[in-house]
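Biologist: I would like to learn how to read a model like this one. Can we take it feature by feature?

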Amino acid sequence: MTVIYAILNIIMFIFLAPLVQGLIKKAKAFLQMRKGPPLLQMYADIYKYLQKESMMSKHASLIFIFAPYIVFTAVVTVALFVPGINGRPALTAWGDIVMLLYLFALMRFFMALAGLDAGSAFGGMSSSREMLFSSIIEPAFFLTLVGLTLRTHTMNLEQIALGLNKFGWDVVSPSHLLALVAAIIILVTETGRVPVDNPDTHLEVTMIHEGMILEYSGKELALMHWSAAIKQLILLCILANLFLPWGIALTGFVGFITSIIVLGIKIIFLSILLAVIETAFVKFRIFRVPDLLVMSFILSLLAVVSEYYL
Amino acid sequence: MDLLFITKVLFILGALSGIILLKTKNIGKLTTVVFSSVASLCGMIFGVRILISAAGSDPNVDALSAFFVILITLLSFAASIYSYGYLEEYRGRKNLSVLGALLNIFVLAMVFVVTAKDMYVFLMAWETMSVASFFLVMTDYEKENVRKAGFIYVVMTHIGTAFIIFAFLLLAKLTGGNDFAHFAMANQIVSSQLKTVLFVLFLIGFSTKAGIVPLHIWLPRAHPVAPSHVSALMSGVMIKMAVYGLIRVVFSFLGTQNQFWGETIIVYGAVSAFLGIMYALLEKDIKRLLAYSSVENIGIIYISLGLSIVLASYNQNTLAGWALIATLVHTLNHAVFKGLLFMGAGAINKSSHTKNMELLGGLLKLMPWTGAFFLVGALAISALPPLNGFMGEWLIYQGLISAGIILPVVWAKMLVIIAAAVLALTGALSSYCFVKAFGMTFLAQPRSEGAKKSQEAEPSMLIAMGMLATFCILLGIFSPWLVQLLKPLAELSQNTQLDLVAGHFVGIYGGSKFTELNPLALFAVLTIGGLLLFNIFRSVARYKTIRRTETWTCGITPTARMEYTPTSFSQPLRIVFSAILYPEKLLTQEGKTVYFPEKMQYTTSEKAIYEDYFYRPLNRFIIKVSSKLRVFQSGQIQLYIIYIFGALIFLLLWAL
């Protein structure tokens, strides 16, 4: 049984991530009264990039060549222990909050270095902004997950999901709601969506993630985009399984199918939520973004405090 | 005649050989390096032997001292080998044998500090350590900034030593003896108010040496100007002597009943970690950046140490042992990767003749091995898996969150959780800092002629750096075994028992699994996964090779001036945290008209708030009091003889 979960989770995280990206784009297009790109567009994009030649700056070094592989490996390693289908991750042996945060930090480190490598101004600008904003959001992300730890007395992501599931509908408490709002802001930040960063354009005014991968082409670009999509799906699954912990840990074959359907509904709901946030807000002026991030930190701090006092 | 004695004798011989052979050109340097390397090896073997055979094998040296001996000698081994190549920079200007001799004396003093069993040996060794490092810091005494740095260093370290001497004297009077065995009875004999007084005195004294804000002002001035292997030793080992002192004082002498001590240490640690990394991010001198980063890491060590004291005061002995071991693991890890980074900075300085990152760049192609080792150090200090920095911080996080669950008092729980949030923030900021440090020096194009002409470092320097980089990786993968080795140290906090399943860390809470981490598995997944991915993608893609062209900069040829510089890279931080950093900008333009300036000068600077609100008022106060006291120093010898006579009469009357 664990082997089935392992295979299904790995397939979901790696191969269904582009589908979720397509879904968000379709939802955004619908809200903007457009048709939008096809649902499977990202698969076509990845195939196209794999057929193209890679070019790199002659000033860039080996770090530029290896960074996409390191980034993709790190994000797939995270996908191995994030709760997916039925609240079970691919590997149940290890994996906790700190490892999640620091594997994402490993990804960012190499993306930022790759941005600096070509010696262009776009890359440096994006790298500096990305490193600062992710530093400010890091304590918020940490405290949000710690709030859940304090309730379930475990740092392991799967055990947190199972522990919260046992509460049933009682899981909704002031602390949980505050953490949920903070988590939505974190989701928007870490996936690089409006109002923090604009994933659709390549203007230097609006880019953070896109700026760091600006110099990439060919198979490396495919890896970078794919890693971003997988990271997005990981964060959506964390929100779906940890913050909306219903419909997981169901037993039997019927329960298994039900849990897949419930997870699908939750991911679709969260994707549409992301699309609504992207359409409803404009991208903030770059030095107004920390205000939003600090608000997320305050909310998560309040979540921890209310966990203690209520 | 045990190995520790041999180690000390070899260091003394090394120092003597350097002094005796000071007229020679090469032999003096060679003998000092050989003696210090062999002595360090003996010290390492001695320390490991004591830890493996558990406490009690040598009545004079317990497990804590043995661990610190390993720390000192590991880094001094690498520093000695490194100095063989690095000292060439000073050839012709300075006497290399004397520098080698001073290095031997410095390390010897540190070994004496951690193996001292009574007050006098400790204090004499402490002072020798400070003075030897002062001489080493003042190597380039012709430059004014070096003299200023040395002055501030010697003043601050003596202020700290004064506090420590006073505290030791008070402790000796209260417990009626001079050696540590007598001091260990202080827990029962001394009243708790006096214990708090002693704790405060020791804390101030040791924190001056450790470099805790606001007593850290000597650190970013002294570490950059010293020779790089000395900076590595000072930053990696000397500031940890303060951590050794605090552990010895609190856990062995004073006892851990008072949770306020632990909470104070956590608060100081958190503040130092945050401010340290902020100031590191503003620096463009690479060694000053590393010095401020040491302030940050000492803050992290203090957080973990304070946590273990708080937990012990609430009788949570298992977790207190875990936190203490986490402190020591992070101490060792920091020594290894900070030593590596300083040595890398020294190699960069030696070959490009500048420490200013604004003038560096593109060195990865010119110095590939140095760059690779520096990258390992940067990854380790940013606590990225699977290296040793991550393992140490993982242990500290687990301790903090477990304390957040277990501690009975709510505001203690809040303090610990906020400390964990600060730790998360500083971890991410240090990753920002080292992306800047590595990216600006090694990537993109060189920004000066010196950088363009750089060459790879000498073999001895590369061997030393490679050794430390390998240790970074090995200490990361095999950290459960390291923790297993350190288990006897948990006995220090009164009867703890840590259960570690062989090969990976498992934390248990209330019978169910709290957390788990398998470093070896993580390393295997990352490396094997990475290699598999690389091969799969290269076979799936249509083109296997990569074509190299010029960077696109809207049609013009990119120059080095188009890159991001260290100042610009940290500009977002300066803007967002301007309330703490007080950045000041000055832009002056010259030209025939305002609209077409011909020359521009842009200056940014940051005000250090502790200097304005703490040190300047303190200095003004001291100078005011001193000028009032100057009335007594008239210069007439007759008046001084009257003072002596008056004091004698007064003391005779008092004795009667």
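This is a predicted model: local features need pLDDT of at least 70, side-chain atom pairs count only at pLDDT 80 or more; totals for chains, interfaces and linings use all residues.

Biologist: Where does B:S231 lie in chain B?

Modeller: Look at helix α11, residues 228–254. B:S231 lies in that helix.

Biologist: What share of the 656 residues in chain B is buried?

Modeller: Buried residues make up 59% of chain B.

Biologist: How do I judge the overall form of chain B? Which radius of gyration does chain B have?

Modeller: Compare the value with a rule for a compact globule. For 656 residues, that rule gives a radius of gyration near 26 Å. Chain B has 26 Å, so the two agree. Along its principal axes, the C-alpha trace spans about 95 × 75 × 55 Å.

Biologist: How many helices and strands does chain B have?

Modeller: Chain B has 28 helices and five strands.

Biologist: And the contacts along the sequence? What percentage in chain B join residues at least 24 apart, among contacts between residues at least 6 apart?

Modeller: The share is 78%.

Biologist: How far apart are the mean positions of the positive and negative charges of chain B?

Modeller: They are 4 Å apart.

Biologist: Next, rings. How is a pair of aromatic rings described?

Modeller: Use the distance of the centres and the angle of the planes. Over all chains, the count comes to 43 aromatic pairs, with ring centres within 6.5 Å. One of them joins A:F109 and A:F110, at 5.8 Å centre to centre and 70 degrees between the planes. Angles over 60 degrees count as edge-to-face. So this pair is edge-to-face. A:F109 and A:F110 are both buried.

Biologist: What are the distance and angle for B:F67 and B:F68?

Modeller: Centre to centre, 5.6 Å; between the planes, 85 degrees. This pair is edge-to-face. B:F67 and B:F68 are both buried.

Biologist: Which residues form an aromatic cluster with B:W126?

Modeller: The cluster holds B:F122, B:W126, B:F168, B:F180, B:F183, B:F202, B:F206 and B:F253.

Biologist: Let us turn to the backbone. Where is a cis peptide bond in chain A?

Modeller: Check omega between A:V194 and A:P195: about 5 degrees, and the bond is cis. A:P195 sits in the loop between α8 (174–190) and α9 (209–212). In chain B, the bond from B:P385 to B:P386 is cis, with omega near -5 degrees. B:P386 is found in the loop between α16 (368–381) and α17 (388–406).

Biologist: What is phi of A:A249?

Modeller: Near 55 degrees, a positive value in a residue other than glycine. A:A249 lies in the loop between α10 (218–243) and α11 (252–280) of chain A. Its relative accessible area is 37%, so A:A249 is partly exposed.

Biologist: And B:Y582? Where is its place in chain B?

Modeller: In the loop between α26 (578–581) and β4 (583–590). B:Y582 has a positive phi of about 45 degrees, although it is not a glycine. At 34% relative accessibility, B:Y582 counts as partly exposed.

Methods
Residues are numbered from 1 along each chain as its sequence is written. Chains are lettered from A and ligands numbered from 1 in the order in which they are written. Side-chain values use heavy atoms; hydrogens and water are left out. Helices (H or I, at least four residues) and strands (E, at least two) are DSSP runs, numbered from the N terminus. The radius of gyration is taken over C-alpha atoms; the globule rule is 2.2 Å times the number of residues to the power 0.38. Buried means under 20% relative accessible area, exposed over 50%, partly exposed in between (1.4 Å probe, protein chains only). Contact means heavy atoms within 4.5 Å. Lys and Arg count as positive and Asp and Glu as negative; His and the chain ends are not counted. The place of a charge is taken as NZ of Lys, CZ of Arg, CG of Asp or CD of Glu. Rings of Phe, Tyr and Trp (its six-membered ring) pair if their centres lie within 6.5 Å; planes under 30 degrees apart count as stacked, over 60 as edge-to-face and the rest as tilted.
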